[in-house]
Amino acid sequence: MPALASKRRIPVSHLGMADPHQLFDDTSSAQSQGYGAQRGPSGLGYPTASASPQAAFLADPVSNMAMAYGSSLAAQGKELVDKNIDRFIPVTKLKYYFAVDTLYVGKKLGLLFFPYLHQDWEVQYQQDTPVAPRFDVNAPDLYIPAMAFITYVLVAGLALGTQDRFSPDLLGLQASSALAWLTLEVLAILLSLYLITVNTDLTTIDLVAFLGYKYVGMIGGILMGLLFGKIGYYLVLGWCCMSIFVFMIRTLRLKILAEAAAEGVPVRGARNQLRMYLTMAVAAAQPLLMYWLTFHLVR
Amino acid sequence: MAFTLYSLLQAALLCVNAIAVLHEERFLKNNCTVGWGTDQGIGGFGEEPGIKSQLMNLIRSVRTVMRVPLIIVNSIVIVLLLLFG
């Protein structure tokens with residue numbers, strides 16, 4: 001009896017205005033008929049009613065101080081993270097690789113598919129720093145490799161789906177596999193560069209960018225394989241393999257065989273021979289990997 | 001085609017273990033028959049340390065740097081493999 005009386009007190013107070021301390025509608029069945037009539041006005045009354053307890057909360061000096069302290073803590077934390085993130089991920093250096101525009105992307109894709117007519121492969125410098133990719137088509141960027149990688153994973157899922165072999169974890173497997181091969185390539189090339197003591201300005205991120213360009217050819221091959229079957233796949237893949245081979249040789253020649261290649265003289269001597277072998281090996285690994293990562297997708 | 005990042009990590013751990021257990025006297029000394037020693041390569045102070053001396057330097061530095069972390073990582077991996085197979 002007293003419990004019922006206390007429960008009945010709340011809808012009585014809702015008759016006139018919304019109760020500011022109640023956050024949720026009490027939808028127990030004993031009061032449902034009483035509530036139906038009042039849900040409209042009480043719903044309208046809620047925003048103004050909830051604003052007043054919040055305003056009352058802010059006007060309280062202690063909570064004001066607490067909020068100011070909390071926001072200053074958050075600002076300090078953000079500063080600390082911003083200062084230290086540069087040690088682990090070179091954010092400012094990464095920004096250089098994403099400074100691209102549509103014209104650059106178009107020209108670079110054309111270069112990746114048809115590098116045979118391009119004459120000057122040298123990256124232009126501006127007071128000791130290389131020019132941003134936006135202004136020079138020879139500069140490496142990370143936008144195209146990143147986009148091409150994601151597109152490759154999606155197109156692989158599409159190809160698997162058309163053959164009824166798709167399941168969501170296969171997407172993750174494809175992405176992980178491609179990333180693992182990329183990591184292995186980067187480590188192998190860094191090890192070889194260290195062993196042959198090449199004095200080069202080829203940074204790790206540059207290397208990742210160059211090795212990521214092969215995903216563009218892989219996407220082209222898979223798409224043609226989906227449209228035209230195995231013949232189309234082999235034709236387009238062969239063309240892209242040749243293009244990537246020539247592209248890599250012409251780009252890496254300038255980075256690894258710096259002194260000799262600048263004059264265009266055929267290189268002799270043990271040191272230059274080793275560098276030439278390394279360039280050829282890196283360029284030859286690209287078509288192999290392109291085939292290895294795509295042949296199981298096209299049936 | 002199950003070449004994942006996890007298998008790459010496993011392979012890397014096994015390779016570093018292999019480098020760490022190389023026998024010092026047989027392979028990394030100067031007077032052995034294979035000629036893998038590092039003291040011979042000091043003569044070339046110029047730009048040409050040569051592949052063998054670079055490799056020796058690399059192996060020695062890996063052994064020195066990774067001795068303690070390898071113990072820790074190996075213990076963790078052994079425990080995890082025993083528990084979760």
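**Chain B, overall**

I counted three helices and zero strands. Along the sequence, the pattern reads α-α-α. I kept in mind that this is a predicted model.

Next I looked up burial. Chain B has 85 residues, and 18% of them count as buried. I then checked its contacts between residues at least 6 apart in sequence. Of these, 57% join residues at least 24 apart. The accessible surface of chain B is about 6300 Å². Carbon and sulfur atoms hold 71% of that surface.

**A nonpolar patch on chain B**

I looked for nonpolar side chains on the surface. I found a patch that includes B:Tyr6, B:Val68, B:Ile71, B:Leu80 and B:Phe84. The members of the patch share about 1200 Å² of accessible area. Which helix gives the largest share of the patch? It is helix α3 of chain B, residues 51–84, with 11 residues.

B:Phe84 is found in helix α3 of chain B. Is B:Phe84 buried or exposed? Its relative accessible area is 66%, so I noted B:Phe84 as exposed. I set a general rule beside this entry. In soluble globular proteins, nonpolar side chains tend to be buried together.

**The cores of chain A**

The largest nonpolar core has 51 residues. Which of them touch the most other members? They are A:Tyr152 and A:Met248. Six helices of chain A each supply at least two residues: α5 (102–113), α6 (143–162), α7 (168–195), α8 (204–212), α9 (214–256) and α11 (270–294). The largest share, 15 residues, comes from α9 of chain A.

I listed what A:Tyr152 touches, leaving out residues up to four places away in sequence. Among its partners are A:Gln174, A:Ala178, A:Met218, A:Ile222 and A:Leu297.

I also found a second, separate core of nine residues. Its members include A:Tyr96, A:Ala99, A:Val123 and A:Leu142.

**Salt bridges**

How many salt bridges are there over all chains? I counted three.

The side chains of A:Lys214 and A:Glu185 meet at 2.7 Å, N to O. A:Lys214 lies in helix α9 and A:Glu185 in helix α7 of chain A, so this pair ties together parts 29 residues apart in sequence. Both A:Lys214 and A:Glu185 are buried.

A:Asp206 and A:Lys255 form another bridge, at 3.9 Å, N to O. A:Asp206 sits in helix α8 and A:Lys255 in helix α9 of chain A, 49 residues apart. A:Asp206 counts as buried because its relative accessibility is 7%. A:Lys255 also counts as buried, at 12%.

In chain B, the bridge joins B:Glu24 and B:Arg63 at 3.2 Å, N to O. B:Glu24 is in helix α2 (residues 24–27) and B:Arg63 is in helix α3 of chain B, 39 residues apart. B:Glu24 is partly exposed, at 38% relative accessibility. B:Arg63 is buried, at 9%.

**Cysteines**

A:Cys240 is buried at 2% relative accessibility. A:Cys241 is buried at 13%.

Definitions and conventions:
Residues numbered from 1 in each chain as written. Chains lettered and ligands numbered in written order. Predicted model: local features only at pLDDT ≥ 70, side-chain atom pairs only at ≥ 80, totals over all residues. Heavy atoms only, no water. Core = buried A, V, L, I, M, F, W, Y, C linked by side-chain atoms within 4.5 Å. Buried < 20%, exposed > 50% of the residue type's maximum accessible area, 1.4 Å probe, protein only. Helix = DSSP H or I, 4+ residues; strand = E, 2+ residues; numbered from the N terminus. Contact = heavy atoms within 4.5 Å. Patch = residues over 30% accessible without salt bridge, like charges linked within 9 Å, V, L, I, M, F, W, Y side chains within 5 Å. Areas by Shrake-Rupley, 256 points an atom, 1.4 Å probe, with all protein chains shown as cover. Salt bridge = Lys/Arg side-chain N within 4 Å of Asp/Glu carboxyl O.
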